[in-house]
Amino acid sequence: MAGPSEKKEKVAKVKVATAGTSGKKKKDVKKETGLGLSVKKDENFGEWYSEVCKHEMIEYYDISGCYILRPWSMAIWEIMHTFFDAEIKKMKVKNCYFPLFVSPGVLEKEKDHIEGFAPEVAWVTKSGKSDLEVPIAIRPTSETVMYPYYSKWIRGHRDLPLKLNQWCNVVRWEFSNPTPFIRSREFLWQEGHTAFATKEEADEEVLQILELYRRIYEEYLAVPVVKGMKSENEKFAGGLYTTSVEAFIPNTGRGVQGATSHCLGQNFAKMFEINYENEKGETAMVWQNSWAYSTRTIGVMIMTHGDDKGLILPPKVASVQVVVIPVPYKDANTQGIFDACVATVSALSEAGIRAEEDLRDNYSPGWKYSNWEMKGVPLRIEIGPRDLENDQVRTVRRDNGVKEDIPRGSLVEHVKELLEKIQQNMYEVAKQKREACVQEVKTWDEFIEALNKKKLILAPWCDEEEVERDVKARTKGETGAAKTLCSPFEQPELPEGTLCFASGKPAKKWTYWGRSY
């Protein structure tokens, strides 16, 4: 039991701050204290998100749309990297690295593909003060960078399959309204590029990779997603088909394309002459895939779980899963409490739990509570004089605030169990919120009503490109147009005679629609 510290906690939470705010006297006062958020998630989501990101996740850079990833966010990326890298290596995928720069001749070779990226390509036009004779592009993605070399390396059927992945950065320059993690000019990602002898092999891998993306979101980030197929309008430019995992942000009523796994078919093989001699001695073209997920995942996690106190990190990706805070007060055995905190962290660390003690003596316990809550640490342990006397600690969950007194003798087992419960609860809460936003519609009027209520719309569709373009045109407004998010692999029953909500033609499938990031 922390005792008097609870009073300090209440005082500390009144002291709120926003880094980078200016002008208003009220905000200047908050800025001095250095803690808390100035807005609530439900009242101004955009400003709330920006403030949460600025609290040790990112730092704004002097080039618009570029952000510094601070250690608190980079650690999350590293944990996902460790998981995914190990899984693709089980699939015999090998890591490599290709240059950042792309020659214009190569970039423009696959016209359908590059047309989709053309507005976003950044070009290097000078070296010092001299103009380059030929401008050089910076990769927006690496199909055109890598595939000329695939045609060089693949000669016969024994060279297949070729499975390469690179962990790198890409640059996509032209856009408005940059948003940390969600939409930035430079971001980190992995991109896998594979080549096979048969379409069946390619099809199988597309779904294997998509399942790994689902696991990243649901098992690590505690974010529910839908696996499905993108429409022809929304598929990867130049590809055969695109599958994706789609998340949804209830506060904004917007979908987020979480990650994509594409079957490229033979289009790139044709353009880059990636041919091989098959077992019959005949010349054949390879079948190709590409797949990627990026630091956007971190933004989706923040949006899904954060609250008015700041971040809430799922235990699996938190660089600090448990923070231990001493709560000494008048006439307390301060050194004894500090020693108990250090011993607690040592015991947890030896058991593989990522734990830290906060022994700073220039901040009150209440200030520390608010600080670590804002950083999203899943579990707080408090140790005060009474806890020392009773050989116990107090645990406080970040996800729901539940407090519990635990004997120190069974601490490690109890903390492990608590972290598992927090991870599962965060997923279940997020799933309930997402499912409460899903609305099934059958008519255009129902569709518009649901769209205005920021719903994730499931509607019967005729699967025609022109109809989707028409929906986009008819719903275009200040907050963007509605479009297909994906057609889920798990299709609800489609009764015979069901009509498309937008065209009145016979419906072929159920599809999720909405506005998106």
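Q: How does Arg469 count by its relative accessibility?
A: Arg469 counts as partly exposed because its relative accessibility is 40%. Keep in mind that this is a predicted model, where local features need pLDDT of at least 70 and side-chain atom pairs count only at pLDDT 80 or more, while totals for chains, interfaces and linings use all residues. Residues are numbered from 1 along each chain as its sequence is written, and side-chain values use heavy atoms, with hydrogens and water left out.

Q: Which side chain meets Arg469 in a salt bridge?
A: A salt bridge here is a side-chain nitrogen of Lys or Arg within 4 Å of a carboxyl oxygen of Asp or Glu. For Arg469 the partner is Glu466, at 3.1 Å from N to O. About one helical turn separates the two, because they are three residues apart in helix α16. As for the naming, helices (H or I, at least four residues) and strands (E, at least two) are DSSP runs, numbered from the N terminus.

Q: Which residues do salt bridges with shared partners join into one network?
A: The network is made up of Glu87, Lys90, Glu211, Arg214, Arg215, Glu218, Glu219 and Lys227.

Q: How many salt bridges does the structure hold?
A: There are 31. One of them links Lys126 and Asp131, with the closest N and O atoms 2.9 Å apart. Lys126 is partly exposed at 46%, and Asp131 counts as exposed at 60%. Glu449 and Lys453 form another, at 3.2 Å from N to O, and Glu449 counts as partly exposed at 43%.

Q: Which residues of helix α15 are buried?
A: In α15 (residues 444-452), they are Trp444, Phe447, Ala450 and Leu451. These four lie on the same side of α15, because they cover an arc of only 125° around the axis; the arc is that of the directions from the helix axis to the C-beta atoms. The face turned away from the buried side carries the exposed residues Asp445 and Asn452. Contact means heavy atoms within 4.5 Å, and the cover over the buried residues of α15 includes β20 (438-440), β21 (456-461), α16 (465-475) and β23 (509-516). Just after α15, Lys454 takes a positive phi of about 60°.

Q: Why is helix α12 described as largely enclosed?
A: Here 11 of the 11 residues of α12 (residues 365-375) are buried, so the rest of the structure largely encloses this helix. Among the buried residues are Trp367, Lys368, Trp372 and Glu373.

Q: Where is Arg434, and what does it touch?
A: Arg434 sits in helix α14 (residues 411-437). Not counting residues up to four places away in sequence, it touches Pro224, Val225, Val226, Phe248, Pro250 and Leu456. For charges, Lys and Arg count as positive and Asp and Glu as negative, with His and the chain ends not counted. Arg434 is buried yet has no salt bridge, and the nearest side chain of opposite charge, Glu435, is 4.4 Å away.

Q: Which residues line the largest cavity, and what is its volume?
A: On a 1 Å grid over the protein atoms alone, a cavity is a set of points where a 1.4 Å probe fits but cannot get out; a pocket is an open set with protein on both sides within 12 Å along at least five of seven lines; lining residues have an atom within 4 Å of a point. Points are joined across faces, edges and corners, and a volume is the space filled by probe spheres set on the points. The largest cavity has a volume of about 50 Å³. Its lining includes Arg434, Leu456 and Tyr512. β10 (241-249) and β22 (483-488) are the elements that give two or more residues to that lining, and β10 gives the most, with three.

Q: What is the volume of the largest pocket, and which residues are closest to its centre?
A: The largest pocket has a volume of about 1500 Å³. Of its 49 lining residues, Arg172, Arg183, Gln257, Arg296 and Tyr517 are the closest to the centre. β11 gives the largest share of the lining, six residues.

Notes
Buried < 20%, exposed > 50% of the residue type's maximum accessible area, 1.4 Å probe, protein only.
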